[in-house]
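Subject: Structure for you to look through

Hello,

I am passing on the structure we talked about, and below it you will find my notes on what turned up in it. Please keep the structure open while you read, so that you can look up each residue as it is named.

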Amino acid sequence: MPTSSIRIAPSGRGAGALLAMAFLAALILAGCKSSRKVVYQGEGKVVAAGPAREVIVAPNGSAVGWLAAPDLARDKGFNASDHLYIGTATFSAMGAPVTLGRGVTTLPGAFFFSPSGAQVGAITEWSFKRQTGALVIGDVDRSSARQVGKQVSFFGFSPDGGLLGFVDENSLMVGPADGSAPPSKVAEEIATFEFAPDGESLIARRRALGGGQLVYVALSEGAEPRVIGERVADYRWAPDGSGIAFTSRNDRSTTDLFVTTPDGKARQVGQGVPTFRFSGDGKHLAFIGDISHTKQFGDLFLLAQGSEKAAKLGEGVTEMGFDPTGARIGWLNRYSAQSRGGTLTWAFTSGKHEPHEVGPNVPSFIWSHDGRHLAYVQRQLEEIFSIDLFLASADDEAGGEGAVTKVAQGVFGYSFSGDDRRLFMRTECTRNGRACTLRAVDVEKPADSATTIARAIHTYEPANEDESILLVTYARTDADALDLAVVPADGSQKPRMLDQRVLAGTRVLRDKDPKIAYAVLEPGRLGVYLADVSTGGGEATE
């Protein structure tokens, strides 16, 4: 018969001592458990562990890129700004990370995906002294990389992503982006260039030491560069590829504006021009001109389609912008440096361009996507200072004044939804604008339709293709970092937290299964992450 494992506890003071010791051990054990630090786990999945910066994404959502092991350039002994980092360019097509190379900076134009998302380029081993580096191109589908140039100062892809251009030792080279054929030299002494919208030609600016000429190159076999401008400062293709605009330095220390077609001769259309812009459809060109040493704010001119001469629309203009359809143009007229605002005015781009004044003391404005509405903020300078948001109609083709509605007081940031049904705004801000209430109003009835979407947010942006979900960030008070959440754009649910202690500069992958790419700064969780956008339950800290 087996021996029983049951033991009889002793009685008396011995039993009490044993009970006390057991109680003390339990307390010690409980204290040990409560002192353990619980590591936060967000909803994102790790793409790559380790310190990272400059997160980028392919336009088609197929890949993510980042700079691994980043260091401040100053800490590496380079004469650079306090905010410039240098690291190892890396990308992942949702598989094993692929390294492009070290010595990649966070300078604009140093590391980006092609418009198709099939390739990603990085200028590696950047030399601050020579302003050049080795260009490496990564193939997203093959998860591979190849070096294409050794002393590259500038590179870019054609709008369809099929061609790659780069300036290597001041020579412009162009070839297939996938490396299926070697690149060809198309021009020399080049600083920068821009492909035509159809990718069949390009314009390139020669270096200042080479004369600063603007040349046109048809990318057919054997085509020679043709000079279309001299002493060029800025240049741009019309979005439809029908024309080219550029500014040329004159002897008055300002720049004159010229327009031309790919096969035509340039003609001057403005003088003293610091800023010019094509309409989205490429039909019209607007510019601020007549700037001089004695005239700080220029006048607004519009060169409408079919016109030989630009029409003057406004005076003392600082800001201007076409609506996305190209049918209207808005600007800030008679800008006052003292009040830091101008009179918001708009006109149709066709016809007589009759101006419609909307409101004074306006520092900024935006168009709705259909061009039927203008949203703007106005500085209230009397009694209590406030920056208030207004919504104006610009839909009266007969020329009458449209309705204006005051939407909210104290607004710091606003935008239309993609379908123009909602107008979003950041209001009731504290902490110098780092914690605001996110609200939206119905554009058709803005006076009585305000909906609170989230509180204490720092930024917001669409998180999926139809913009039914928003990505919101919360600025932390204990670190220079953000917390991330998603929330339905209609405010039907409270925000759901995705992650915390995230580096500013999140990226949204708007494919069929939208995701958010970001870098985590929290020690112990450093790395690049991907989180699903879909909402459903949960609440962010507000």
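A question to begin with: which side chain does a polar contact of 2.9 Å join to that of Arg496? Before the answer, please bear in mind that this is a predicted model, and that what follows describes the prediction. The partner is Glu43, whose side chain meets the side chain of Arg496 in that polar contact. Arg496 itself is found in strand E40, which covers residues 496-502, and Arg496 counts as buried because its relative accessibility is 9%, under the limit of 20%.

Next come the aromatic rings, of which the structure holds 14 pairs. One of them is formed by Phe424 and Tyr460, a tilted pair with 6.0 Å from centre to centre and 55° between the planes. This pair links distant parts of the chain, since Phe424 belongs to strand E34 (residues 422-430) and Tyr460 to strand E37 (residues 459-462), and the two residues are 36 residues apart. Phe424 is buried, with a relative accessible area of 3%, and Tyr460, at 16% relative accessibility, counts as buried too.

Another pair, that of Tyr518 and Tyr529, is stacked, with 5.8 Å between the centres and 10° between the planes. Here too the pair links distant parts of the chain, with Tyr518 in strand E42 (residues 515-520) and Tyr529 in strand E43 (residues 527-532), 11 residues apart. Both tyrosines, Tyr518 and Tyr529, are buried, and Arg525 lies over the face of Tyr529, at 5.9 Å from the ring centre. A charge over a ring is also found at Tyr85, where the charged end of Arg53 sits 4.0 Å from the centre of the ring. Elsewhere, ring pairs link Phe112, Phe155 and Phe157 into a cluster.

I then turned to the sheets. In general, the strands of a sheet pair through backbone hydrogen bonds, and the pairing is either parallel or antiparallel.

E30 pairs with strand E31 (residues 386-393) over 8 bridges, and Arg379 has Ile387 in E31 as its bridge partner.

Leaving aside residues up to four places away in sequence, Ser368 touches Pro324, His373, Phe416 and Asp420. The C-alpha atoms of Ser368 and Phe390, which are 22 residues apart along the chain, are separated by 13 Å.

Best wishes

Definitions and conventions
Residues are numbered from 1 along each chain as its sequence is written. This is a predicted model: local features need pLDDT of at least 70, side-chain atom pairs count only at pLDDT 80 or more; totals for chains, interfaces and linings use all residues. Side-chain values use heavy atoms; hydrogens and water are left out. Rings of Phe, Tyr and Trp (its six-membered ring) pair if their centres lie within 6.5 Å; planes under 30 degrees apart count as stacked, over 60 as edge-to-face and the rest as tilted. Helices (H or I, at least four residues) and strands (E, at least two) are DSSP runs, numbered from the N terminus. Buried means under 20% relative accessible area, exposed over 50%, partly exposed in between (1.4 Å probe, protein chains only). A charge sits over a ring if NZ of Lys or CZ of Arg is within 6 Å of the ring centre and within 35 degrees of the ring normal. A polar contact is a pair of N or O atoms within 3.5 Å; within protein, one must be able to donate a hydrogen and the other to accept it, and residues adjacent in sequence count only if both atoms are side-chain atoms. Contact means heavy atoms within 4.5 Å. Two strands pair if DSSP finds at least two bridges between them.
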